[in-house]
Amino acid sequence: SRGVGLLDSQITGKENTGTGNDYQGWEFYKDTRVLYGSVIIDGKTYRHPKPKSMRWRPDKMICEYDVAGVTIFEEKFIAADDAAASIITTSKPVTIEFSGQSFYHRNSVSSSAVIRYDAGANAVVITEGGTVKSSPDPDSPQRVGPCVYTGMTTVLSASRSFKESLSTNRDENGVQHYTFRVPCDSQGTTVSWAMNDDLATAIQSARAIIANDQSFLEGKTSEMNRLLNQQIPWFRCSEEKFV
């Protein structure tokens, strides 16, 4: 899809944009709310703390936080199967509270998302769905149709159980909201996200990246080094400053 809706173009000939174009919703990912973290220390909640350092690398993003004297180190990366993970360690034991919601865009009309907890996978499982306003053709009125993620499954999991702390609620628009807490310390806690058209594949991906977080991350680093060193052309000339 090239937008937030899954409507068909109504223009004939070469100007037909196919299915899924939306001139008003190309950046639909900006409206995702998946895992927003807050840190609880000695009973006090520090809501969505900002990192003091955020370093982007081709293989991962490294974030460091200083929250009430506690150092938090986070490595985020995307594995080969497109699952994403965040490996978090803290200098002192804390509790991290994560919250998020099913997909709902600024142009959404309705949500039909369904949420449940999968005890075997220790995962929040969301079947996404809903309708949105979109414009698949230029200079044409908005139409209403299925949202980009309709029928897909979102899975969120963690290396530590959150069964007892998980809470969910459905708001007036049908959006499913969730909140859960996990402990975190120097041993680390990993949280994951995966999405797929197939339910079983989404769950398997979310769990696999947790079970193999370090090896998957090392694999990502190795692959990016191979790509950058062997696949990307290197520029060489006699003037070093231009190199």
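1. **How to read the model.** Residues are numbered from 1 along each chain as its sequence is written, and side-chain values use heavy atoms, leaving out hydrogens and water. As the model is predicted, local features need pLDDT of at least 70 and side-chain atom pairs count only at pLDDT 80 or more, while totals for chains, interfaces and linings use all residues.

2. **The largest pocket.** Grid points are joined across faces, edges and corners, and the volume is the space filled by probe spheres set on the points. The largest pocket is lined by 33 residues, and the closest to its centre are Leu-35, Tyr-65, Glu-74, Lys-76 and Ser-86.

3. **What builds that lining.** Two or more lining residues come from each of β1 (36-41), β3 (53-56), β4 (61-67), β5 (70-78), β6 (84-90), β7 (94-101) and β16 (189-196). Strands are DSSP runs of E with at least two residues, numbered from the N terminus. β5 gives the largest share of this lining, five residues. Sorted by class, the lining has 21 nonpolar, five polar and seven charged residues; Ala, Val, Leu, Ile, Met, Phe, Trp, Tyr, Cys and Pro count as nonpolar, Asp, Glu, Lys and Arg as charged, and the others, Gly among them, as polar.

4. **Glu-74, close up.** One of the residues closest to the centre of the largest pocket is Glu-74, and it lies in strand β5. Glu-74 is buried, with a relative accessible area of 8% (buried means under 20%, exposed over 50%, and partly exposed in between, with a 1.4 Å probe and protein chains only). The side chain of Glu-74 makes a polar contact of 2.8 Å with the side chain of Tyr-65. A polar contact is a pair of N or O atoms within 3.5 Å; within protein, one must be able to donate a hydrogen and the other to accept it, and residues adjacent in sequence count only if both atoms are side-chain atoms. Leaving aside residues up to four places away in sequence, Glu-74 touches Met-61, Ile-62, Cys-63, Tyr-65, Ser-86, Ile-87 and Ile-88, where contact means heavy atoms within 4.5 Å. Ser-86 is twelve residues from Glu-74 along the chain, and their C-alpha atoms are separated by 6.4 Å.

5. **The second largest pocket.** This pocket has about 170 Å³ of space. Its lining consists of Asp-81, Asp-82, Ala-83, Tyr-149, Trp-193, Ala-194, Met-195, Asn-196 and Ser-205. β16 contributes the most, with four residues.

6. **Thr-190 in β16.** Strand β16 also holds Thr-190, which is buried at a relative accessible area of 3%. Its side chain makes a polar contact with the side chain of Asp-213 (2.8 Å). Among the residues that Thr-190 touches are Ser-86, Ser-157 and Ile-210.

7. **Aromatic pairs.** The structure holds eight aromatic pairs. Rings of Phe, Tyr and Trp (its six-membered ring) pair if their centres lie within 6.5 Å; planes under 30 degrees apart count as stacked, over 60 as edge-to-face and the rest as tilted. Phe-28 and Phe-103 form an edge-to-face pair, 6.5 Å centre to centre with 90° between the planes. Phe-28 lies in the segment before β1 and Phe-103 in the loop between β7 and β8 (108-111), so this pair ties together parts that are 75 residues apart in sequence. Phe-28 is buried at 12% relative accessibility, and Phe-103 is buried at 6%. Phe-98 and Phe-180 make a tilted pair, 5.8 Å centre to centre and 40° between the planes. Phe-98 is in strand β7 and Phe-180 in strand β15 (residues 176-184), so the pair ties together parts 82 residues apart in sequence. Ring pairs also link Phe-28, Tyr-29, Phe-103 and Tyr-149 into a cluster.

8. **Two loop residues.** Asp-42 has a phi near 50°, a positive value in a residue other than glycine. Asp-42 sits in the loop between β1 and β2 (44-46) and is exposed, with a relative accessible area of 82%. Asp-82, with phi near 80°, is found in the loop between β5 and β6 and counts as exposed at 55% relative accessibility.

Conventions
On a 1 Å grid over the protein atoms alone, a cavity is a set of points where a 1.4 Å probe fits but cannot get out, and a pocket is an open set with protein on both sides within 12 Å along at least five of seven lines; lining residues have an atom within 4 Å of a point.
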